[in-house]
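Hello,

Here is the structure we talked about. Please have a look, then read my notes below.

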Amino acid sequence: MLDNVKVVLVGTSHSGNIGSAARAMKVMGLSHMVLVDPQCEVDGQAIALAAGASDIALNAKIVSTLDQAVNDCGLVVGSSARSRTLEWPMMEPRECGERFAIEGQQHPVALVFGRERTGLTNDELQLCQYHVCIPANPEYSSLNLAMAVQTLSYEVRVAHLNLVQSGYAAKSALEYPRHQDLELFYQHLEKVLLDTQFISEDQPNRVMNKLRRLFSRARPEAQELNILRGVLNAVEKQIAKK
């Protein structure tokens, strides 16, 4: 299961943070790091701070967009400490670890961390099905990147070990669509809503953002998503006839 967990770092600007995050991952048995549009290289400082986990930093997959990093994932959770104007489904760190321990047995899952100073953008957060916020001291909630990676990686490991020690493989009977399938659905939905003039071309995101939140909260299964795509196809056929 732990091999199916991706730790995705977006726009990292300090190489030492890549090394420190790699160390935090290896301590908890995670090994799959993905760097999205990094603003630095895996240099000597990264290797020094990795302290024996340089293999994770050196073997990190580098991609240009978050979409590319999580396309094959059935569950994507973004770490965010900021409140947003558009509330998103939230998970507690403990719940996040438990969900990863179960779903990671079936498909890749991703923990997404943002930039050191500004975190994840709203658009990036909307690519995640859930957000997770570490309940730090509100009077001093300054967690650096490696600390956040360590905390959530720990929750994943503890949940995994609890399943192993209980001898119970709690595999989910549900099959969820991959991130790429969800994005294709959202593109298809937006096209149909534009064709039917349900949304306007000048401000499509006002409605689409709320619909993304709705489907993230409902989290349709793979078969349910296929049904929704079938509904959209039927609507398009009727439009074409007219």
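The second largest pocket is lined by Asp123, Gln126, Leu127, Glu183, Tyr186, Gln187, Glu190, Asn205, Met208, Asn209 and Arg212. A pocket is an open set of points on a 1 Å grid over the protein atoms alone, where a 1.4 Å probe fits, with protein on both sides within 12 Å along at least five of seven lines; lining residues have an atom within 4 Å of a point. Helices α8 (179-195) and α9 (205-218) each give two or more residues to this lining. Helices are DSSP runs (H or I, at least four residues), numbered from the N terminus. The lining divides into 3 nonpolar, 4 polar and 4 charged residues. Ala, Val, Leu, Ile, Met, Phe, Trp, Tyr, Cys and Pro count as nonpolar, Asp, Glu, Lys and Arg as charged, and the others, Gly among them, as polar.

This is a predicted model: local features need pLDDT of at least 70, side-chain atom pairs count only at pLDDT 80 or more, and totals for chains, interfaces and linings use all residues. Residues are numbered from 1 along each chain as its sequence is written, and side-chain values use heavy atoms, without hydrogens and water.

Now the largest pocket. Of its 26 lining residues, Ser79, Ser80, Ala81, Leu143 and Ala148 are the closest to its centre. By class, the lining has 12 nonpolar, 9 polar and 5 charged residues.

One helix pair as well. In α5, Pro93, Arg94, Gly97, Glu98, Phe100, Ala101 and Ile102 meet Leu152, Glu155, Val156, Ala159, His160 and Leu163 in α7 (contact: heavy atoms within 4.5 Å). These residues divide into 8 nonpolar, 2 polar and 3 charged.

Best wishes
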